[in-house]
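User: I'm new to reading protein models, and I'd like to go through one step by step. Can you help me with what to look at?

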Amino acid sequence: MTAALELRGLCKSYPLRDPNGWLPRYRELRVVRDVDLTVESNSIVGLVGESGSGKTTTGMMALRLTEPTAGRILVGGQDITRMEAAALKPFRAKMQVVFQDSYSALDPMFTLAQIVAEPLHVHGRGSAREQTETALDWLERVGLHRSYGSRYPHELSGGQRQRVAIARALVLRPDVLIADEPTSALDVSVKAQIINLLQDLQAEMGLSILFISHDLSVVRSLTDKVAVMFNGRIVEEAATEDIFIRPQHPYTRSLLDAIPVLNPRDRRDRVFRSREDLEADIPRLSAVATGLPPAPTPRLIPHGPGHRYEALVQ
Ligand SMILES: Nc1ncnc2c1ncn2[C@@H]1O[C@H](COP(=O)(O)OP(=O)(O)OP(=O)(O)O)[C@@H](O)[C@H]1O
Ligand SMILES: [Mg+2]
């Protein structure tokens with residue numbers, strides 16, 4: 001079956017500012033490097049990793065909202081990497097995004113019905129009346145009464161705004177949803193409700209979701225597969241349970257060790273490892289980060305079915 005979304009060798013670099021002219025030659029900051037990631041159809045893939053590791057940049061490139069420096073993006077098997085605006089438009093409808101901070105994404109001047117109906121209007125789906133009807137249906141579907149259609153974003157709680165953002169993202173019935181920390185601004189109980197909503201909608205619609213998150217317990221309960229990013233690279237990828245039970249890469253291990261354990265009997269032998277210790281363990285990775293030429297190349301090597309992790313290959 002064709003994957004919903006495939007990223008092949010995706011890279012993003014930004015020119016390094018050098019106001020004093022101290023750098024010997026043109027230097028760039030490589031924020032995403034050689035990312036290969038497949039989101040299978042009707043599945044949820046988690047993308048985790050520390051702040052600044054390149055998760056949002058990867059998601060924005062998948063949506064063609066940030067242009068990649070190199071690599072390819074395939075949506076339903078079709079290469080959209082170089083597509084012009086007109087050809088890209090139908091693919092824009094197939095891929096949607098929900099961010100952590102939906103308040104800035106919801107125009108304060110519009111009613112919720114207008115906000116949810118807007119993508120239908122942009123893509124010319126149905127008459128104005130049908131668009132409003134569909135928008136009200138979607139408000140209901142995400143757990144808000146139809147009467148919310150005439151309300152404005154500022155009247156809503158954080159959780160309700162996230163529901164509206166989800167309705168707006170799904171109203172075009174996309175194949176792929178990029179959810180970038182959709183619950184990290186929410187309280188624990190509200191967070192659980194939004195996760196349940198996403199899970200239900202995914203199952204009903206056969207949606208494929210790239211779920212970017214810092215919350216590893218949510219990732220464990222929600223996703224089918226997890227990719228771990230570190231310094232712009234995917235350093236490990238496996239089926240969710242596999243990665244939680246048999247993490248191979250030192251960075252993945254340290255990430256999992258940072259999850260608080262509620263029951264002391266579940267506590268494994270945990271060793272707190274500083275970032276410095278970790279980088280000492282992964283000398284090549286830090287060499288890559290500083291732009292020094294790495295000698296042996298880090299490569300993803302297989303570790304059982306569907307499981308790969310980065311190790312040095314001579
Ligand atoms: N426009 C830009 N110009 C220069 N550097 C950028 C730009 N956008 C992002 N970066 C850098 O790229 C790196 C990756 O950023 P990104 O937002 O993708 O990380 P992230 O994994 O989503 O982090 P977080 O978990 O904090 O959201 C960061 O070091 C960031 O400073
Ligand atoms: Mg981010």
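User: Among contacts in the protein chain between residues at least 6 apart in sequence, what percentage join residues at least 24 apart?

Analyst: Keep in mind that this is a predicted model. For those contacts, the figure is 66%. The chain has eleven helices and twelve strands.

User: How many residues are there in the protein chain, and what share of them counts as buried?

Analyst: There are 314 residues, and 48% of them count as buried.

User: Let's zoom in on a helix. Is α1 largely enclosed or largely open?

Analyst: Helix α1 covers residues 55-62, and six of its eight residues are buried, so the rest of the structure largely encloses α1. The buried ones are Lys-55, Thr-57, Thr-58, Gly-59, Met-61 and Ala-62. After α1 comes Arg-64, which has a positive phi, near 60°.

User: Now for pairs of helices. What describes two packed helices?

Analyst: You give the angle between their axes and the distance between the axes. The crossing of α5 past α6 is right-handed.

User: Which residues of α5 and α6 make the contact?

Analyst: From α5 you have Gly-159, Gln-162, Arg-163, Ile-166 and Leu-170. On the α6 side, look for Val-190, Gln-193, Ile-194, Leu-197, Leu-198, Leu-201 and Met-205. Sorted by type, the residues of this contact are eight nonpolar, three polar and one charged.

User: Now α3 and α4. At roughly what angle do their axes cross?

Analyst: The axes of α3 (residues 112-122) and α4 (residues 128-141) cross at roughly 120° and come within 8 Å. That angle makes α3 oblique to α4. Here too, the crossing is right-handed.

User: And which residues meet there?

Analyst: In α3, find Leu-112, Ala-113, Val-116, Ala-117, Leu-120 and His-121. They meet Gln-131, Thr-134, Ala-135, Leu-136, Trp-138 and Leu-139 of α4. This contact of α3 with α4 has nine nonpolar residues, three polar and no charged.

Conventions
Residues numbered from 1 in each chain as written. Chains lettered and ligands numbered in written order. Predicted model: local features only at pLDDT ≥ 70, side-chain atom pairs only at ≥ 80, totals over all residues. Heavy atoms only, no water. Left-handed = near helix turned anticlockwise from the far one by under 90°. Helix = DSSP H or I, 4+ residues; strand = E, 2+ residues; numbered from the N terminus. Contact = heavy atoms within 4.5 Å. Nonpolar A, V, L, I, M, F, W, Y, C, P; charged D, E, K, R; others polar. Buried < 20%, exposed > 50% of the residue type's maximum accessible area, 1.4 Å probe, protein only. Axes fitted to C-alpha atoms, helices over the stretch in contact; angles between N-to-C directions. Parallel < 35°, antiparallel > 145°, perpendicular 65-115°, else oblique.
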